[in-house]
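Dear colleague,

I am passing on the structure below, together with notes on what was found in it. Please read them with the model open beside you.

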Amino acid sequence: MTPTPVSVPETERARRTDLDWRQYFRFSTDHKTIGVQYMVLSFTFFLLGGLAAMIMRGELITPESNLVDRSLYNALFTFHGTVMIFLWIIPFNAGLANYLVPLMLGARDMAFPLLNAISFWMIPPAGILLLSSFFLPNGPARAGWWSYPPVSFHPVSGELFWIVSVLIIGISSIMGAVNFVTTIVWLRAPGMTFFRMPVFVWSVLSAQLLQLINLPSLTGALILLLFDLAFGTNIFKPLEGGDPVLYQHLFWFYSHPAVYIMALPAFGIFAEVLPAFARNPLFGYRSLAIASLGIALVSIFVWVHHLFASATPNWMRITFSITSMLVAVPTGVKAFGWTATIWRGKLHLDTPMLFAMGGVIMFLFGGITGVMLAANSFDLHVNNTYFVVGHFHYIVFNTITMAIFAAIYFWFPKITGRILSEGWGKLHFWLTFIGANLTFFPMHPLGLQGMVRRVASYPPEYQGWNVIASLGGFLLGVSILPFLANVIASLLTGPRAPDNPWEATGLEWTTSSPPPRDNFAEIPTVIFPPYNYGNPRAYGETSTTQSGEEVSPDE
């Protein structure tokens, strides 16, 4: 199912002009330009965060701390965690949604274009502020991406930079969430009912509702922590009557749902890619759409499982153990739907499909270990060990980042009008898939054996698994090279892409590649019934009308 280059007539070539790279350095209110700005900027931070991870894995090859000093190691894992969550996955998902949601809904732009642009332009200064803390006399933040007090109570000016940086990113995310929810609720094309929306849009809606409900908790916690550090208040200082566990509650009330804020768009990507390359309708469309909201709802009530070892009362442990396990129900519905979609399908193993299938496979493993961690007794046994690190990275890298790469390969022709090389893409996939499992699977036996996390040195009996994990980490670093070469070569000399290279369904594939400034000459009227959603065999049938006339959904 490899897309083939197309010969574009000169008149069409004039209408579909090449992308002007200079537009991405300007203040634009076009949702497509803003989407690309988000994605490119966040990928740059992904490279920086990955570099920090490789330095840490280099340190952990040997039991002794002999590559970087422990203070710098603490700064590196703080920087790595902060960047990968707040400056890579969440902004990239926001950029992808910015680009696709109006196209998928039949809208011309986001509901608040100016607010959309402001939301993006708050991200660069926040990232620069975080990076600049490495050049401060007292060094950068070293208390981890969670910045627990009293660990964060030390005279390090970098901690203040970290707080302000994350606060700016949080405010930007809240503004973006208002924009996404308003756009999805009010700017759907005629006939685009809620149960005709693509599952990707359902996933974005669910994730952004979580941002609106939970993110103010983290914002408030960081403001209170800033007051303690800069203005002498005693809110979280235990020796002054403050309560540091309160910070943990406020932090995790957002930061565990943040996992689903990151994962839900990935689940939506799977729901778009798998049907297109399986040549099957998406199985259980309504169930998968409702499951997105179910995941969001249940995830609000699971944060205390991060505090099982923090003198949590038994009744609270039992309650939140149950709710943490309950998340497996709607996520299980999604896994079943994805599996049924490709069952007996005519699979086309192009690069987007490989990344999507690889992400689903590794998500199942990460989900199983997540249910294990929901159990009180097991969680207390592996608390603060590498088992938790392994589980977390099977979700945030092996699932979410794999889904992001699937999305890049899937929608790259639509965004750029160019075709990526399948050979380089498949090399990128296999290097990533092998490297990811080599890196993060060894962390599970390490945690079961008792190796604690966030240490630069460790007892010699843990070295074997750490060597394997470090070699896998270096392979992950190498895996990015063919991807970068592929993207650069395709942008410069790649063949033209057809408007719908994958023969996929969805309104975004009815536009040119790349889409025109206003997306559609006229707002389309959606007339296809929900059961055609995700069915590539139905592509080519009349699904929209430009005339705006009333058409029965059953026609």
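The cover over the buried residues of α11 includes α8 (244-255), α10 (285-299), α12 (328-342), α13 (351-374) and α14 (376-382), where helices are DSSP runs (H or I, at least four residues) numbered from the N terminus. This is a predicted model, in which local features need pLDDT of at least 70 and side-chain atom pairs count only at pLDDT 80 or more, while totals for chains, interfaces and linings use all residues. Residues are numbered from 1 along each chain as its sequence is written, and side-chain values use heavy atoms, with hydrogens and water left out.

The residues of α11 that are buried (under 20% relative accessible area, with a 1.4 Å probe and protein chains only) are M316, R317, F320, S321, T323 and S324. S321, which lies in α11 (residues 314-326), has a relative accessible area of 7%, and, leaving aside neighbours within four places in sequence, S321 is in contact with F308, A374, A375 and N376, contact meaning heavy atoms within 4.5 Å.

A pocket is an open set of points, on a 1 Å grid over the protein atoms alone, where a 1.4 Å probe fits, with protein on both sides within 12 Å along at least five of seven lines, and lining residues have an atom within 4 Å of a point. Of the 31 residues lining this pocket, Y24, V36, V40, V487 and L491 are the closest to its centre, and the largest share of the lining, eight residues, comes from α2.

Best regards

Technical notes: Helices (H or I, at least four residues) and strands (E, at least two) are DSSP runs, numbered from the N terminus. Buried means under 20% relative accessible area, exposed over 50%, partly exposed in between (1.4 Å probe, protein chains only).
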